Structures are given as structure tokens and as C-alpha cells.
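Open the model in your viewer and keep the selection tool at hand. Each stop says what to pick next and what is there.

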Amino acid sequence: MPHPELSVVLEKERELMNFYAPLYRKLPLFNSLNYQEGRKTFVRWVLGKLAADGRDPRQLKILEVGVSSGDVLELLAHAGCANLTGLDIAENMVDETRRRVPQARVIQGSIERHDFKGEQFDAVIATFTLHHMHQAQPFFDLVNRVLAPGGRFFIGEYNADGWANNPFSRPIVEALAAPGRRLFKIKNRKVLAAQGKLPLLFNPAHRLLRWQEIRSAIPNPDAYGIERETLGLFTLAYNFALVPSSRVDHAFYRVLCWIDGIVKPFRAGGYQCITGLRKR
Ligand SMILES: C[S@@+](CC[C@H](N)C(=O)[O-])C[C@H]1O[C@@H](n2cnc3c(N)ncnc32)[C@H](O)[C@@H]1O
């Protein structure tokens, strides 16, 4: 199938995300226990990396692209980061973020086309956004334009090669998780039913990305010190069975994290966290 045109993808993404915006924080599709905890882990990792560079994240100028309803910006604000900017193509998402993170500057625009007019940032973040894009390269073109030397980009994405995602191992992971999933779905049936269901709609370019695809989208990889790790194997397999309101589910989630930690060296996780330190 030919790759859809950029304008078609951007318009569809804007339309769909405007539709999802009022419910973004309530929908398990975007805000399951797994996603909520995953974002906290991601933000801890971002803050840890910046601190390890000898920088105080609270003093840094941080840009997040594809902010949606500001979940990641809000966690950064709670951690004391005061200079926050968000960008999103969907105006309803921009409104949500402005309401929830009033101290942040939030701009409506696309990663591909928004002109920051020479403005520089110390960190550029994209979580679960690259796989919604027409192509990944414009994210790195933006990073090349706006990231100051010594700054870092951070990406949180699905990992198409992860054992819970790729078509060969996925059935095995799902079969192993199935009995427990069933029990939690029975236990949580009332909460899950109350969450309701919306159709799963994506723009025509939406797809999970492999690490090689992301890496080859960086026009100048030598300009960055790049690191990558993966996480989330069984936590992903249990994604929509656990609910944030249950302490039992939180405790079980921690057990799943511990199991996922054992397979971490295999880079088997369903999510990939990628960072690049700008050398020049
Ligand atoms: C799945 S959401 C992820 C959001 C958020 N970072 C999170 O972790 O929940 C992707 C967001 O990126 C935005 N987006 C997708 N493509 C974009 C583009 N090319 N330029 C700007 N925003 C974009 C969408 O409107 C949507 O709000």
C-alpha cells in the first residue's frame, strides 16, 4: 500500500485526537494503570539522566511534542520543572493541557511544520508520539533545530520487536498471561464496564516502530551519544486487565515489573526508551 500523504495523516490525527481529547485521561486506551505507571517510570528516567549529566532538571527548558492532555508535562511540573513547553496538533488536546498544567506554555502546531524561530531547549521529549507520525525523521529534524548542545532528546515508544508485540512471540506471551488476565478481568468487571468503550481509530500512517526504523530516521546519529533500553513484557500483556483504583492491582503490577526486570537484558520489552545527548 502506498504511504499516505503528510497532509492526510496530519488532518486525520488532528480530527481523531480532538475527538478523544475530553476523555483522554479516563480512557484505558491511553490511561490504563500500565500507562500511568509507565509514564511515571519514564519521567523518573528522564530526570535521572539529566541529573547524571550534572544538570538540575528544574532549571532546564523542556519541550514535549505530542503532549495530548499533558500527562507527562504534569509529572515534570510536580517534579519542580518550571520552564515547560508543549506542542500538539489537536487544539482540544492543547486546551486540556492548558487547563491541567496552567504553568506550561502550550502551542498548537505540528512537529513537521511548527517554526520555533530559533528558540532553543535543553530537552526535547516525545512519548508515544512517533508512531502516530507520517515519518519519524521530522522529529529528529526538529531536535536538530531546537536542541542546545549538551541537551538531550528523550523518546518513549512501543517496541515493535518486543516479545509482547512481534507476531512470533506474542501468542506465547499472551498464552502465559491469559489465566491471570482472565481472573483480573473478572475481579475488575464492574470498573472495566463503567469505563465504557470507544472505537479504536488511528490515522493511516499509525504503526509500531522497530528500533532500526527509529535509528535510521536520525539524519546525523554521530552528533548524539545514544542509549536505549526496553521495558514492559508482562506489564504490557496485562495492560487493560488491571485498574488504577485497586491496591491489589498496583501490588500485582509491581510483581509484573519485577518479572519484566529479569528479561530486561534481552531487550524484550514492549516499550523502548531512547535518549540522545547532543555532542555538538
Ligand atoms: C498517543 S498520543 C501520546 C501523548 C502523550 N505524550 C502521552 O504519553 O500520553 C499522541 C499525541 O501526539 C499528537 N501528534 C501526533 N502527531 C503529531 C504531529 N505530527 N505533530 C504534533 N502533534 C502530533 C496527537 O495529537 C496526540 O495528542
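Select F19: at a relative accessible area of 40%, F19 is partly exposed (buried is under 20%, exposed over 50%, partly exposed in between, with a 1.4 Å probe and protein chains only). F19 sits in helix α1, residues 6–20 (helices are DSSP runs of H or I, at least four residues, numbered from the N terminus).

The model is predicted: local features need pLDDT of at least 70, side-chain atom pairs count only at pLDDT 80 or more, and totals for chains, interfaces and linings use all residues. Residues are numbered from 1 along each chain as its sequence is written, and side-chain values use heavy atoms, leaving out hydrogens and water.

Next, pick helix α3 (residues 33–52) and helix α4 (residues 71–78). They pack at about 50°, axes 10 Å apart (axes are lines fitted to C-alpha atoms over the stretch in contact, and angles run from 0 to 180 degrees between N-to-C directions). That makes α3 oblique to α4 (under 35 degrees is roughly parallel, over 145 roughly antiparallel, 65 to 115 roughly perpendicular, the rest oblique).

Show the side chains of R39 and D71. They meet in a salt bridge, 3.5 Å from N to O (a side-chain nitrogen of Lys or Arg within 4 Å of a carboxyl oxygen of Asp or Glu). R39 lies in α3 and D71 in α4, so the pair ties together parts 32 residues apart in sequence. Both are buried.

Move to K187 and D249: their salt bridge spans 2.8 Å, N to O. K187 is in helix α7 (residues 170–187) and D249 in helix α11 (residues 247–263), 62 residues apart. K187 is partly exposed at 41%; D249 is buried at 0%.

Definitions and conventions: Helices (H or I, at least four residues) and strands (E, at least two) are DSSP runs, numbered from the N terminus.
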